[in-house]
Amino acid sequence: MYNKLDAIKKMNKLGKNRTPFLFIIDFEFTKAIILTNDEINNNKIKFSFNNFTNYKGNIKNETLFFEKNPISLSEYKNSFNKVKEEINAGNTYL
């Protein structure tokens with residue numbers, strides 16, 4: 001797990017080297033998981049993007065369960081404002 005500064009450095013290095021990677025970042029960008037293809041556990045994470053995949057055959061459909069933990073309106077507004085600041089700073093990608 002990486003903090004924000006280390007995550008940015010790692011992703012920039014991988015991007016510069018044209019090394020494909022998967023990243024998972026929490027909403028506040030305080031924790032990040034960055035995995036190269038060799039580090040991805042193919043039994044736990046399966047992906048397919050434009051014919052680039054780490055599995056063969058069909059993915060078994062499983063029921064997923066997500067637990068909701070609503071936050072307060074003031075916490076939501078604070079977080080939303082952080083997102084707007086990042087978008088205004090140009091830190092957004094399609």
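Partly exposed describes a residue whose relative accessible area falls between two limits, under 20% being buried and over 50% being exposed. With that in hand, welcome to a few close-up views of this predicted model.

**View 1. A salt bridge joins Glu-86 and Lys-4.** The side chains of Glu-86 and Lys-4 meet here, with 3.9 Å from N to O. Side chains of opposite charge can pair when their charged atoms come close. Lys-4 has a relative accessible area of 37%, so this residue is partly exposed. Glu-86 is also partly exposed, because its relative accessibility is 34%. Glu-86 belongs to helix H2 and Lys-4 to helix H1 (residues 4-16), so the pair ties together parts 82 residues apart in sequence. The count for the model comes to one salt bridge.

**View 2. Five residues build the largest nonpolar core.** Look here for Ala-7, Met-11, Leu-14, Ala-32 and Ile-34. Both H1 and S2 supply at least two residues of this core, and H1 gives the most, with three residues. In soluble globular proteins, nonpolar side chains tend to be buried together.

**View 3. Met-11 and its contacts.** Setting aside neighbours within four places in sequence, Met-11 is in contact with Phe-21, Phe-23, Ile-25, Phe-29 and Ile-34.

**View 4. Strands S1 and S2 pair in a hairpin.** Strand S1 (residues 21-25) runs antiparallel to S2, and five bridges join the two. Follow Phe-23 across to S2 and you find its bridge partner, Ile-34. The hairpin has six residues between the strands, and Phe-29 takes a positive phi near 55°.

**View 5. Asp-38 sits in a loop.** The loop that holds Asp-38 lies between strand S2 (32-36) and strand S3 (48-49). With a relative accessible area of 78%, Asp-38 is exposed. Phe-21 makes a handy landmark: 17 residues separate Asp-38 and Phe-21 along the chain, and their C-alpha atoms are 9.1 Å apart.

**View 6. A nonpolar patch lies on the surface.** Four residues to look for are Ile-71, Leu-73, Tyr-76 and Phe-80, which together have about 420 Å² of accessible area. Leu-73 is part of helix H2 (residues 73-88). Leu-73 counts as exposed because its relative accessibility is 56%, and exposed means over 50%.

Methods:
Residues numbered from 1 in each chain as written. Predicted model: local features only at pLDDT ≥ 70, side-chain atom pairs only at ≥ 80, totals over all residues. Heavy atoms only, no water. Patch = residues over 30% accessible without salt bridge, like charges linked within 9 Å, V, L, I, M, F, W, Y side chains within 5 Å. Areas by Shrake-Rupley, 256 points an atom, 1.4 Å probe, with all protein chains shown as cover. Helix = DSSP H or I, 4+ residues; strand = E, 2+ residues; numbered from the N terminus. Buried < 20%, exposed > 50% of the residue type's maximum accessible area, 1.4 Å probe, protein only. Core = buried A, V, L, I, M, F, W, Y, C linked by side-chain atoms within 4.5 Å. Contact = heavy atoms within 4.5 Å. Pairing = 2+ DSSP bridges.
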